[in-house]
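Me: Got a model here to go through. Can you take a look with me?

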Amino acid sequence: MTDDQTSQSAQLGTVESRGLTPGPTSNKRKRADYRQSQQQKRQELKTVVFEGNDDSQDKIKLPKKKYYRQRAHSNPFSDHLLEYPIGPSHMDWHKLYPALIPPEAETSIDGAKQVEIVDIGCGFGGLLVSLSTEFPDKLILGMEIRVQVSHYVEDRIIALRQQHAPEGKYNNIAVLRANAMKFLPNFFKKGQLSKMFFCFPDPHFKIRKHKARIVTSTLASEYAYLLRPGGIIYTITDVLDLHQWMVRHLEAHALFRRLPKEWEDEDPCVKIMRKDTEEGKKVERNNGDKWVACFVRLDHPE
């Protein structure tokens, strides 16, 4: 070892002995090691049904959000490496709800348990977790296009299921990495859904980007196809222009009617999406505005 190498090693040892971080490379390595560990745990536990009377298991800790950070939004028109079924009857829901849907279950037949509530762009899963206890008898799915964010939600759900195994909680929620602008009909059949949530979606401020907004005339027809009559679309944003855009496009559709503010004030889901989403909490801290609009799926055009 040369004198320079010896000096550098001594300096590094001094930094580490003082409890200081050697530098950005160390932080990247720590993040990579954490993600690898979580991935291994995820693969082992994602289809496990936790037993409430098993005291031998160590409690799984909730994931640390700082290790899953990535860009706030993702381009829905990019070619992402996604897996999706050719149709709703080909989707294996057991891998997402192992405690509630048996292997090889035929979910396309009448009366079979199936997803009814969907959170489009679920972010870090705050709404999912709150809806789980609000609707314990419903299957609820979060759809998120960002890789690391979907991994965080999946790890969060695994930890919650294990921590609350005695009560059997959180078995009714799951997350799926998917592009909701392209592949929703691949997962859900006509009239399957009762509620769809669009909480703080990407505003796409530039006019040339408006085609990427999650509510458009074309997508509104797709949502009408998937929602059963009486089903509800929930929207919330802190961007007034986006709020007005979503209202304009949904009001223009013959199969949607906006619900009055009095209904919004009484509906428990509106209260949850105002307070329990991570983005909603951030807007609250910054004293920002929250614009809400809810629409009911009509049985026939008015």
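This is a predicted model: local features need pLDDT of at least 70, side-chain atom pairs count only at pLDDT 80 or more; totals for chains, interfaces and linings use all residues.

Me: Start with Lys 65. Which ring face does Lys 65 lie over?
Reply: Lys 65 lies over the face of Phe 124, at 4.9 Å from the ring centre. The rule asks for NZ of Lys or CZ of Arg within 6 Å of the ring centre and within 35 degrees of the ring normal.

Me: What kind of aromatic pair do Phe 124 and Tyr 152 form?
Reply: Edge-to-face, with 5.2 Å centre to centre and 80° between the planes. Rings of Phe, Tyr and Trp (its six-membered ring) pair if their centres lie within 6.5 Å; planes under 30 degrees apart are stacked, over 60 edge-to-face, the rest tilted.

Me: Buried or exposed, Phe 124 and Tyr 152?
Reply: Both Phe 124 and Tyr 152 are buried. That is under 20% relative accessible area, with exposed over 50% and partly exposed in between (1.4 Å probe, protein chains only).

Me: Which residues form the aromatic cluster?
Reply: Tyr 34, Tyr 67, Tyr 68, Phe 124 and Tyr 152.

Me: What about Phe 198 and Tyr 223?
Reply: Phe 198 and Tyr 223 are buried too.

Me: Which ring does Arg 213 lie over?
Reply: Arg 213 lies over the face of Trp 245, at 4.9 Å from the ring centre.

Me: How many aromatic pairs in the count?
Reply: Eleven aromatic pairs by this rule.

Notes. Residues are numbered from 1 along each chain as its sequence is written. Side-chain values use heavy atoms; hydrogens and water are left out.
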